[in-house]
Amino acid sequence: MQIGANTWIWTAPVTDAALEWLVPHVAKLGFDLIELPLEIPGSFDYALAAQRIRDHGLSVAMDAVISPERDLIHPDPAVRAAGMAYVREAIRAAAAVGAANLVGPIYAGVGRTWLASAAERARDLDLLVPQLHSLAQMAGDAGVTLCIEPLNRFETSFINLAAQAVELVDRVGHPACQMMLDTFHMNIEERSLGDAIRLAGPRLRHLHACENDRGAPGTGHLPWQDIAQALAAIGYDGPVVIETFTSKVTSIARAAAIWRPLAASQDELAREGLAFLRRLLAG
């Protein structure tokens with residue numbers, strides 16, 4: 001299993017200047033993988049990033065940042081079209097940097113919540129499935145896998161549970177459309193984190209490992225032994241990435257509700273989380 005760090009731990013957005021120090025820094029800390037959120041397409045040179053990442057012996061994954069204007073199931077067709085255009089660009093960017101996985105809530109804008117009837121939800125799924133199938137075809141041709149992420153109820157009302165993501169992925173029915181799970185969101189929504197992982201089974205291709213307060217894994221109350229046992233039970237060998245945020249970047253702090261430091265420093269959070277995950281997953 002590769003253990004990774006998301007660049008949101010330290011800064012946002014991703015730029016060439018940020019990657020110049022972040023790539024060697026993440027490697028020096030001992031991570032296997034760096035995860036790059038694509039907030040602004042073209043904000044960094046993809047080829048240069050790929051070279052830097054290779055030079056420091058890291059693997060890479062990419063986050064699709066699905067903001068409200070990039071919503072694939074929005075009532076406004078112009079917003080849906082913008083969402084599709086963004087995901088296509090994110091697929092191209094992921095392929096260019098060498099990322100095997102493009103992860104995130106690739107369905108609706110983060111922060112948009114609404115109360116839907118069963119009929120309305122079915123309509124939105126019917127709208128989404130062919131869009132994701134088309135995107136998965138493009139992604140598969142580029143050597144990229146889309147990993148659909150459930151979020152907690154405060155960030156979306158559409159896909160909150162592993163079971164809902166399983167339904168969506170199975171309906172899309174393309175090998176380049178799979179799942180990711182995030183322990184922070186799961187802690188809010190799932191009755192059993194282990195059962196959710198086992199339900200995802202072979203569809204699970206990416207995992208975000210964060211504590212219940214988004215701090216370093218192992219510093220809070222999440223059932224990490226249950227998580228590790230479930231990962232072993234499904235034979236999971238994909239990336240395990242620490243995704244958290246810094247309160248020093250105002251836009252990200254507001255979006256993720258990070259109002260206080262979660263460790264003495266962001267480096268300490270990364271180091272402590274990495275050491276804990278190495279021990280947890282060693283067996």
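Author: Let's look at the group of aromatic rings, starting with the fold around it. Keep in mind that this is a predicted model, in which local features need pLDDT of at least 70 and side-chain atom pairs count only at pLDDT 80 or more, while totals for chains, interfaces and linings use all residues. Residues are numbered from 1 along each chain as its sequence is written, and side-chain values use heavy atoms, with hydrogens and water left out.

First, the setting. Eight strands make a closed barrel, in the order E1-E2-E3-E4-E5-E6-E7-E8, with parallel pairing. Strands here are DSSP runs of E with at least two residues, helices are runs of H or I with at least four, and both are numbered from the N terminus; two strands pair if DSSP finds at least two bridges between them. From one strand to the next, the twist averages 30 degrees.

Now for the rings. Phe, Tyr and Trp rings (for Trp, the six-membered one) pair if their centres lie within 6.5 Å; planes under 30 degrees apart count as stacked, over 60 as edge-to-face and the rest as tilted. By that rule there are five aromatic pairs. Take Tyr107 and Phe158: their ring centres are 5.9 Å apart and the planes sit at 45 degrees, so this pair is tilted. Tyr107 is in the loop between strand E4 (101-104) and helix H4 (118-141), and Phe158 is in the loop between strand E5 (145-148) and H5, so the pair ties together parts that are 51 residues apart in sequence.

Phe158 has another partner, Trp114. The centres of these two rings are 6.2 Å apart and their planes are at 20 degrees, so you'd call the pair stacked. Here too, distant parts of the chain are linked: Trp114 belongs to the loop between E4 and H4, Phe158 to the loop between E5 and H5, and they are 44 residues apart. Put together, Tyr107, Trp114 and Phe158 form one aromatic cluster.

So how covered up are these three? Buried means under 20% relative accessible area, exposed means over 50%, and partly exposed is in between (1.4 Å probe, protein chains only). Tyr107 has 0% relative accessibility, so it counts as buried. Phe158 is buried too, with 2%. Trp114 has a relative accessible area of 22%, which means that Trp114 is partly exposed.

Terms used:
Axes fitted to C-alpha atoms, helices over the stretch in contact; angles between N-to-C directions.
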